[in-house]
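Here are some notes to read beside the structure.

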Amino acid sequence: MQSKNTNLISLFIFIMAISIKAVATPINPGRQSFPLNSKWQFYFAYNFEQNIQKENVDVPHTWNAAEVLKGVADYNRTAAVYENTIDVKPEWKNKRLFLYFEGVNSVANILLNHKFLGDHIGGYTGFCLEITDDVKPGENSITVQVSNAYRLDVIPLHGDFNVYGGIHRPVSLIVTGNDCISPLDYGSSGVYITQKKVSHQSAEVEVASKLSIKNTVGLSLKTTIYDQKNKIISSKVSGIENADTKEIKQSFELDKPHLWQGRSDPYLYTVEISLLKDKKVIDQVVQPLGLRYFNVDPDKGFFLNGKYFDLYGVGRHEDVSGKGSALQNSDHDRDMELIKELGATAVRLTHYPQNRHFYDLCDQNGIVVWSEIPFVGPGGYSGTGYVKNGNLEDNARTMLTELIRQNYNHPAICFWGIFNELKLDYDDPQPFIRELNALAKKEDPGRLTTLASNLGTREFSDLTDLMGWNQYFGWYDGYFDEVGAWADKVHGELPQKSIAVSEYGAGASPFKHMEVLEKPSPKGRFHPEEWQTAFHEQHWAAFKKRPFIWGKFIWVLADFGSSIRTEGDKNAINDKGLVTYDRGIKKDAFYFYKANWNPEPMLYIAEKRNIERSRSLTHVKVFSTANSAKLWVNGVFISEEKANDLHIIQWDNLKLSDGINHIEVSGGRGKLKLIDQCDWNLRSADKPKPIR
Ligand code: GCU
């Protein structure tokens with residue numbers, strides 16, 4: 001019979017076993033990674049009581065997710081504490097242990113067994129701490145003190161988005177042998193794959209692996225490149241003689257490489273880097289390799305693998321209604337599905353480095369990426385301009401280094417973004433931007449640098465390789481039809497500069513409508529869906545004619561939380577998304593782009609949510625990949641009309657009857673019949689209803 005104590009001990013062992021979330025993800029032979037995402041204890045740091053109620057949470061977690069939905073401008077930017085335990089097993093006696101945090105927003109102090117272990121400043125990049133010499137066998141406590149309080153030396157200082165506090169990305173415990181590929185280089189994989197020279201004929205690739213070794217006897221490094229069928233394409237072994245060896249570089253030459261060609265063929269090789277001891281694998285890192293070359297021409301735009309490649313897509317925030325930035329892989333997958341459904345070729349990951357998983361998705365799905373650090377100015381808002389501050393500059397330098405090193409091997413990334421909407425009042429930020437640009441080029445000479453400005457043509461135009469402007473003609477300023485003339489003017493004034501539209505968009509609620517287009521007030525409550533659609537139709541029409549615009553990025557994929565906003569349907573939301581904050585509704589503009597960008601068969605009646613009508617004379621507008629479509633109103637065939645070059649099929653001057661009008665449109669694409677229908681209710685002919 002077991003004693004009560006034995007039972008307690010078994011229970012204790014059981015609890016310890018689950019607290020380390022026992023199942024290791026065997027990344028590879030020699031290295032194990034244990035997710036540390038469940039069973040964290042959470043409390044706010046201002047709570048000094050002895051017996052406080054701690055909340056059980058899983059990470060990714062943020063303490064702001066629910067509160068920001070209430071529309072509070074002053075959401076909780078404070079400090080909190082997360083606690084957990086790890087069980088250090090006897091068999092790890094001669095192993096090395098590391099804690100890897102993918103993102104803690106914004107500042108983190110890590111304590112092991114109540115002793116300070118290290119800290120990290122900046123919420124959107126990963127970091128790794130070695131705990132080998134600090135742990136004891138058995139249970140060890142981990143405490144993470146987190147603050148998302150506003151700090152003048154931590155970017156972002158501004159921004160039309162919420163800075164969600166918490167361990168908002170996954171955590172893991174990595175266990176390696178005594179000698180390993182270093183996990184300690186700015187949170188990177190420790191491996192840097194440089195595409196030195198790539199063409200359709202051949203590819204020169206250099207793999208630099210950072211090592212953390214203690215005993216060199218019998219050590220060597222083997223790097224193998226596999227194709228998608230797991231066939232070895234090339235393999236090299238280098239001996240390691242010297243214990244001071246910090247890095248091994250190996251060069252490869254591939255004949256007739258299969259290139260990574262964006263959406264149409266995102267071909268990935270796999271690079272496996274193994275540290276061997278006496279020919280046995282003692283550590284291994286596996287990285288993607290997508291071989292491609294690209295350039296941007298100021299007159300002709302972006303070229304991928306020697307061919308013109310039209311870059312268009314969306315800006316993306318990592319933020320979902322009710323979850324804040326504490327997202328699961330399924331949330332990222334859903335965003336990627338939306339981006340693919342749109343038919344986008346590119347994404348701007350605004351305004352900070354994003355989740356690891358999302359970069360993988362971009363590689364695998366062939367979406368070209370602009371990725372940036374959260375060096376965000378006040379844009380159209382008041383707020384301080386750039387104030388020179390040594391600590392802030394250190395923070396920006398570190399974050400840029402982390403962004404680049406952590407994401408170096410993602411073929412999808414072609415552009416590093418240095419800042420968004422800085423101003424020229426206060427201190428002049430340009431010398432520092434030049435310095436950051438030089439840092440990006442030193443870290444990664446193979447990619448192009450860019451920035452997103454909301455100032456005039458010439459400001460900031462000589463700082464980075466390329467340039468982008470955030471433009472809102474027809475929303476904040478002017479009218480849509482000005483955007484083409486603006487682009488021509490910039491191109492004329494800066495003929496050597498490759499220019500992009502880094503943001504363009506208009507707010508919209510799928511629950512607000514207008515029958516006659518009239519510019520709404522951006523700061524008002526009435527953000528009708530139809531205005532957003534018209535905005536995008538006209539912008540895309542202008543961009544289509546101008547291949548010199550190397551990238552076109554809609555602002556934004558989905559509505560997102562922004563505590564500073566008091567407009568549209570609800571406070572604290574930026575509603576310029578093509579889909580709603582919960583990803584539940586695709587707005588009309590989404591279907592406009594889908595018809596233009598995604599060749600799959602589709603037909604969609606626009607303005608179908610505008611059900612309650614007051615004007616008898618109206619139009620029916622359809623977005624479709626079909627060449628033509630037929631319209632019936634209340635069962636009466638009206639006509640067949642052709643699609644224009646924006647994939648719009650429109651019937652004008654249609655007369656609705658009082659009461660319900662059934663609208664049905666059908667079109668063909670090969671053998672496929674595409675149908676859409678809706679009902680509109682004409683309440684009282686020609687008496688405009690109050691729409692606000
Ligand atoms: C800016 C800015 C975005 C912002 C957008 C807007 O240009 O870069 O972060 O959300 O405009 O006003 O909607």
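1. Please keep in mind that this is a predicted model. Every value below was computed from it.

2. Start with the place where the ligand is found. The ligand sits in the second largest pocket. Around the ligand there are 13 residues, and those that come nearest are D160, E421, Y476, E503 and K576.

3. What kinds of residue make up the shell around the ligand? Five of the residues are charged, four are polar and four are nonpolar.

4. A polar side-chain atom of E421 is 2.3 Å from an oxygen atom of the ligand. For K576, an N or O atom of the side chain lies 2.6 Å from a ligand oxygen atom. For R565, the distance from a side-chain N or O atom to an oxygen atom of the ligand is 3.0 Å. On its own the ligand has 320 Å² of accessible area, and the protein covers 93% of this.

5. Rolling a probe the size of a water molecule over the atoms shows where empty space is left. In this model there are three cavities of 30 Å³ or more. The largest cavity has a volume of about 90 Å³.

6. Which residues lie nearest the centre of the largest cavity? They are L157, H158, V376, Y386 and L422, out of 15 residues that line this cavity. The lining divides into 10 nonpolar residues, four polar and one charged.

Key: Residues are numbered from 1 along each chain as its sequence is written. This is a predicted model: local features need pLDDT of at least 70, side-chain atom pairs count only at pLDDT 80 or more; totals for chains, interfaces and linings use all residues. Side-chain values use heavy atoms; hydrogens and water are left out. A residue is near a molecule or strand if one of its heavy atoms lies within 4 Å of it. A polar contact is a pair of N or O atoms within 3.5 Å; within protein, one must be able to donate a hydrogen and the other to accept it, and residues adjacent in sequence count only if both atoms are side-chain atoms. Accessible areas come from the Shrake-Rupley method with a 1.4 Å probe; for residues, only the protein chains shown count as cover. On a 1 Å grid over the protein atoms alone, a cavity is a set of points where a 1.4 Å probe fits but cannot get out, and a pocket is an open set with protein on both sides within 12 Å along at least five of seven lines; lining residues have an atom within 4 Å of a point. A molecule sits in a cavity or pocket if more than half of its atoms lie within 2 Å of its grid points. Ala, Val, Leu, Ile, Met, Phe, Trp, Tyr, Cys and Pro count as nonpolar, Asp, Glu, Lys and Arg as charged, and the others, Gly among them, as polar. Grid points are joined across faces, edges and corners, and a volume is the space filled by probe spheres set on the points.
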